[in-house]
Amino acid sequence: MSSQTTPKVQIMKGATPNLSAATYQIHDESHTMGNALRWMLLKNPHVEFCGYSVPHPSEPNIQVRIQMYDEHSSLEALLKALGDLDDLCVAVGEKYNESLKAGEFERWVEKS
């Protein structure tokens, strides 16, 4: 019996040969990743269009459509956006931990 795993990201049928327009299915993700990834992709000036959808609410997959200007690669844009999003999360986590250590936050005491 062979154990076959599904790749995290798949290129859906219908992509242009140079990948200037493609839809990617990303497994085990939801609106949280879809919206953040769409936001990061739209910061790229070479991205003409980007949108995402959750094809079925009971399946943890999203589909991200990316269309590029001037025949740029949507795959390169996706990989850059994922890296930039990862860098952003690391930076936010570091700042959060720094502020916790420094005690730079308001403390609220709940009254009974």
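**Exercise 1.** Find where Ser73 sits in this predicted model, and work out whether Ser73 is buried or exposed.

*Solution.* Start with the chain: Ser73 belongs to the loop between β4 and α2. Next, look at accessibility. The relative value for Ser73 is 18%, and buried means under 20%, so Ser73 counts as buried.

**Exercise 2.** Which backbone nitrogens does the side chain of Ser73 reach at the start of α2?

*Solution.* Take Leu75 to begin with: a side-chain oxygen of Ser73 comes to within 3.2 Å of its backbone nitrogen. Then try Glu76, whose backbone nitrogen lies 3.2 Å from a polar side-chain atom of Ser73.

**Exercise 3.** Check whether the span of α2 agrees with its 29 residues.

*Solution.* Helix α2 covers residues 74-102. At 1.5 Å a residue, taken for one less than the number of residues, it should span 42 Å. The end C-alpha atoms are 42 Å apart, so the two agree. Just past the helix, Gly103 has a positive phi of about 70°.

**Exercise 4.** How do α1 and α2 cross, and which residues meet there?

*Solution.* First the geometry: the two axes come within 9 Å and cross at roughly 110°. Angles of 65 to 115 degrees count as roughly perpendicular, so that is how α1 lies to α2. Then the residues: from α1, Met33, Ala36, Leu37, Trp39, Met40 and Leu41 meet Ala77, Leu78, Ala81, Leu82, Asp84, Leu85 and Leu88 of α2. Sort them and you get twelve nonpolar, no polar and one charged.

Technical notes
Residues are numbered from 1 along each chain as its sequence is written. This is a predicted model: local features need pLDDT of at least 70, side-chain atom pairs count only at pLDDT 80 or more; totals for chains, interfaces and linings use all residues. Side-chain values use heavy atoms; hydrogens and water are left out. Helices (H or I, at least four residues) and strands (E, at least two) are DSSP runs, numbered from the N terminus. A polar contact is a pair of N or O atoms within 3.5 Å; within protein, one must be able to donate a hydrogen and the other to accept it, and residues adjacent in sequence count only if both atoms are side-chain atoms. Axes are lines fitted to C-alpha atoms, for helices over the stretch in contact, and angles run from 0 to 180 degrees between N-to-C directions. Angles under 35 degrees count as roughly parallel, over 145 as roughly antiparallel, 65 to 115 as roughly perpendicular and the rest as oblique. Contact means heavy atoms within 4.5 Å. Ala, Val, Leu, Ile, Met, Phe, Trp, Tyr, Cys and Pro count as nonpolar, Asp, Glu, Lys and Arg as charged, and the others, Gly among them, as polar. Buried means under 20% relative accessible area, exposed over 50%, partly exposed in between (1.4 Å probe, protein chains only).
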